[in-house]
Amino acid sequence: MDHGASNCLHIPDGAAEALFEKRKPIDVSEELYSRYVHGDDRAFVELIRRYKDGLIFYLDSFTHDIYAAEDLAQETFVKIAIRKPLFSPRAHFKTWLYTLARNLAIDQLRKQVRHGVLPLDSVGDLPADEMNLEHQYLHQQRQIAVRRALRCINCNYAQVLYLTYFEGFSNAQAARIMKKSKRQIENLLYQAKKSLKSELCKEALFNEES
């Protein structure tokens, strides 16, 4: 009588491979949001601390008004706090958050245009489809010059630079947020860098060799 065989645990076909399947590492922000949805308010405070400043800078590329950008960032977090919308695991949490904020910004700008609060040409190109500066690289005065220049270039150019260079999103993530193809993002980046360099050349802190 083979006791070893009779006591052997039967593992269905494919189950062994599944035991060793490499799992996607859990993103800290996703875990924080899950904890918040399940009642941990401190987790939500940590999410706000992580993303508030970057989100404000990104929204400023829409509003050209830092105070309005702060209001929109707050509105984004309030919306999440009240509705606790479902987070799709197909996207990174940061991509999802910035997409929510972008949609709120576009809705608000369109309402202001529609109600005559803003003239259409003062808004620039509303992105009908779908950027914290590198502190180690730029000194404080250069940061000020860059942010001033970003306000002078096309809205979509400012957005794509905020997202990919200053917030660390990949081209694919920026494409998801801005609702564009990766090829469109690549083209936007090329044009945006040219436009930003041209604008920065007007600043005393920059020149053509910068």
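Q: Is Tyr36 buried or exposed?
A: Tyr36 is buried, at a relative accessible area of 5%. Buried means under 20% relative accessible area, exposed over 50%, and partly exposed in between, with a 1.4 Å probe and protein chains only. This is a predicted model: local features need pLDDT of at least 70, side-chain atom pairs count only at pLDDT 80 or more, and totals for chains, interfaces and linings use all residues. Residues are numbered from 1 along each chain as its sequence is written, and side-chain values use heavy atoms, with hydrogens and water left out.

Q: And Phe44, buried or exposed?
A: Phe44 counts as buried, with 10% relative accessibility.

Q: How many aromatic pairs are there in the whole structure?
A: The search finds 13. Rings of Phe, Tyr and Trp (its six-membered ring) pair if their centres lie within 6.5 Å; planes under 30 degrees apart are stacked, over 60 edge-to-face, the rest tilted. Tyr36 and Phe44 are a stacked pair, because their ring centres are 4.5 Å apart and their planes are at 25°.

Q: What about Tyr98 and Phe169, how are their planes set?
A: Their planes are at 70° and the centres 5.0 Å apart, so that pair is edge-to-face. Both residues are buried.

Q: Which residues do ring pairs link into a cluster?
A: Tyr33, Tyr36, Phe44, Tyr51, Phe77, Phe87, Phe93 and Trp96.

Q: New topic. How many helices and strands?
A: Eleven helices and zero strands. Helices (H or I, at least four residues) and strands (E, at least two) are DSSP runs, numbered from the N terminus.

Q: Which residues of α10 are buried?
A: In α10, residues 171–178, the buried ones are Gln173, Ala174, Ala175, Ile177 and Met178. Lys179 follows α10, and its phi is positive, near 55°.

Q: What share of the chain is buried?
A: Buried residues are 40% of the 210.

Q: And how much accessible surface does the chain have?
A: About 13200 Å², with 52% belonging to carbon and sulfur atoms. Areas come from the Shrake-Rupley method with a 1.4 Å probe; for residues, only the protein chains shown count as cover.

Q: Charges now. Which residues gather in the patch of negative charge?
A: Asp65, Glu70, Asp71 and Glu75, on the surface. Patch residues have over 30% relative accessible area and no salt bridge, with like charges joined within 9 Å. A salt bridge is a side-chain nitrogen of Lys or Arg within 4 Å of a carboxyl oxygen of Asp or Glu.

Q: Where is Glu75?
A: Glu75 is in helix α5, residues 66–83. Glu75 is partly exposed, with a relative accessible area of 36%.

Definitions and conventions. Patches are made of residues with over 30% relative accessible area and no salt bridge: like charges are joined within 9 Å, nonpolar side chains (Val, Leu, Ile, Met, Phe, Trp, Tyr) within 5 Å. Lys and Arg count as positive and Asp and Glu as negative; His and the chain ends are not counted. The place of a charge is taken as NZ of Lys, CZ of Arg, CG of Asp or CD of Glu.
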